[in-house]
Amino acid sequence: MYIHMLYSVYIMAVTLTSIRLDTQLADEAAKVLGVKSRTEAVHVALREIVALKRFKALMKKSEGKLSFANLDE
C-alpha cells in the first residue's frame, strides 16, 4: 500500500472572527509559511495541523503495514 499526498482546493465558509494573536508569532508564521497575511498564515497553519493529526492517526491505525515509495529521493 502506498500513501500519496494530494493537495485539494478548498472552498471555505468564511466568518469574521476576532481572536487575540501574538503578532510577532503570526508574522513569523506568515514568513515561514510563505504567505502574505496573518489571516492566510492562520488558515495554512490550521490546515497543516489537521493534516498532521490525520496522518498520525493513519500511521497509528496502520501499525507499520504501510510502505512508502521513493524514500531515497
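Visitor: Leaving aside neighbours within four places in sequence, which residues is Leu 33 in contact with?
Guide: This is a predicted model. Leu 33 is found in helix H1, and its neighbours within four places in sequence are left aside here. The residues then in contact with Leu 33 are Ala 41, Val 44 and Ala 45.

Visitor: How far apart in space are Leu 33 and Val 44, C-alpha to C-alpha?
Guide: In sequence, Leu 33 and Val 44 are 11 residues apart. Their C-alpha to C-alpha separation in space is 7.6 Å.

Visitor: Is Leu 33 buried, partly exposed or exposed?
Guide: Buried requires under 20% relative accessible area, and exposed requires over 50%. The relative accessible area of Leu 33 is 32%, so Leu 33 is partly exposed.

Visitor: Are H1 and H2 roughly parallel or roughly perpendicular to each other?
Guide: Two packed helices are described by the angle between their axes and the distance between the axes. The axes of helix H1 (residues 23–33) and helix H2 (residues 38–62) come within 9 Å and cross at roughly 70 degrees. Angles of 65 to 115 degrees count as roughly perpendicular. H1 and H2 are therefore roughly perpendicular.

Visitor: How many nonpolar, polar and charged residues has the contact of H1 with H2?
Guide: H1 contributes Thr 23, Ala 26, Asp 27, Ala 29, Ala 30 and Leu 33 to the contact, while H2 contributes Arg 38, Ala 41, Val 44 and Ala 45. By class, the contact has two charged, one polar and seven nonpolar residues.

Visitor: What do the buried residues of H2 pack against?
Guide: Ala 41, Val 44 and Ser 62 are the buried residues of H2. The element against which the buried residues of H2 pack is H1.

Visitor: Is Ser 62 buried or exposed, and what is its relative accessible area?
Guide: Ser 62 lies in helix H2, and a polar atom of its side chain is 2.8 Å from the backbone oxygen of Leu 58. Buried means under 20% relative accessible area. Ser 62 is therefore buried, with a value of 10%.

Visitor: How far apart are the end C-alpha atoms of H2?
Guide: H2 has 25 residues, which at 1.5 Å a residue should span 36 Å. The end C-alpha atoms agree with this, being apart by 36 Å.

Visitor: Which residue takes a positive phi just after H1?
Guide: At the start of H1, a side-chain oxygen of Asp 22 reaches to within 3.1 Å of the backbone nitrogen of Gln 24. Just after H1, a positive phi of about 75 degrees is taken by Gly 34.

Key:
Residues numbered from 1 in each chain as written. Predicted model: local features only at pLDDT ≥ 70, side-chain atom pairs only at ≥ 80, totals over all residues. Heavy atoms only, no water. Axes fitted to C-alpha atoms, helices over the stretch in contact; angles between N-to-C directions. Helix = DSSP H or I, 4+ residues; strand = E, 2+ residues; numbered from the N terminus. Parallel < 35°, antiparallel > 145°, perpendicular 65-115°, else oblique. Contact = heavy atoms within 4.5 Å. Nonpolar A, V, L, I, M, F, W, Y, C, P; charged D, E, K, R; others polar. Buried < 20%, exposed > 50% of the residue type's maximum accessible area, 1.4 Å probe, protein only. Polar contact = N/O pair within 3.5 Å; in protein donor to acceptor, adjacent residues only side chain to side chain. Expected span 1.5 Å × (residues − 1).
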